[in-house]
Amino acid sequence: MYLARVIGVHARIGILKDLQYRVNFAGQLVNSALGFLLAIGSILVVFRHTDLLGDWTQTDLIMLIGVFSIVRGFINLFVRPGLQAYMEGIRTGLFDYVLLKPLDSQLYVSIREFRIWSLVDLLTGVGLVVWSGWVGGLEASLFTIVLFFVTMLAGFSVVLAFWFILGTSAFWFIKVDNIFVVFDSLFQTARWPLTVYPGAVRILLTFVVPVAWAVTMPAATLAGKLEIGSLWLTLLVPAFFVAVSRIFWKIGIRHYSGASA
């Protein structure tokens, strides 16, 4: 209950911040809309020349874009702004105040900043998933739907953990923002199913920069393309990244000297 109240307070603050600069808020909405149209447009162009991309149909790809939009909205809603504020706090010493809060510092960093306009990406993604499932005549069982939510939760976990692994480097390096720019570029590859990439790239996107777990796996689950035998990896890989991010965070905290040093 206490955690819910903290999240609610910071969400309200985030809404007030975004609405304070309404032109910027409108610009962000336009940017989200353009990104959505570009993604859908690229799929339409590809399927003018083919009926299948691997074993993925056009409707399957639109569902994938929906999952991609949901994950991107999740990242931009609070993961990115929270970590950016944390890294700035490391440089200025304001991170001291995070350590003084009666919450776990890693958890608090995750929920302290909200960019409410990112809900547009989330809602658009949900709409695309529902629409593609309806148009494609998807008859998902209750087990498939539950499994979809499990893989989505695993995807959120692995993305959050990976961003923390990158962000923890701020305890040792002055400027690490460019790392997130590289991740954004790699994350764009998740707009296409993992199976279209060659073997080495698949390994990179699965076990090094695990964007496949965040996008392809949930979409493949709902489309009936995920093999049951690989489900254990769907949970094991996110658990590994979460554990590593926690270890990195604890090590980084021990190296933080504070504003008074």
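Helices (H or I, at least four residues) and strands (E, at least two) are DSSP runs, numbered from the N terminus. This is a predicted model: local features need pLDDT of at least 70, side-chain atom pairs count only at pLDDT 80 or more, and totals for chains, interfaces and linings use all residues. Residue numbers start from 1 along each chain as its sequence is written, and side-chain values use heavy atoms, with hydrogens and water left out.

Helix α7 spans residues 142-167 and holds threonine 144. Burial follows relative accessible area: buried is under 20%, exposed over 50%, partly exposed in between (1.4 Å probe, protein chains only).

| Residue | Relative accessible area | Class |
|---|---|---|
| Threonine 144 | 18% | buried |
| Leucine 142 | 67% | exposed |

Leu142, Val146, Val150 and Leu235 make a nonpolar surface patch of about 370 Å². Helix α7 gives the most to this patch, with three residues. Patch residues have over 30% relative accessible area and no salt bridge; like charges are joined within 9 Å, nonpolar side chains (Val, Leu, Ile, Met, Phe, Trp, Tyr) within 5 Å. A salt bridge puts a side-chain nitrogen of Lys or Arg within 4 Å of a carboxyl oxygen of Asp or Glu. Areas come from the Shrake-Rupley method with a 1.4 Å probe; for residues, only the protein chains shown count as cover.

**Contacts and the loop**

Contact means heavy atoms within 4.5 Å. Leaving out residues up to four places away in sequence, threonine 144 touches Thr221 and Leu222. With that exclusion, alanine 223 touches Asp60 and Met63. Alanine 223 sits in the loop between α11 (216-222) and α12 (231-255). From phenylalanine 183, alanine 223 is 40 residues away in sequence and 27 Å away in space, C-alpha to C-alpha.
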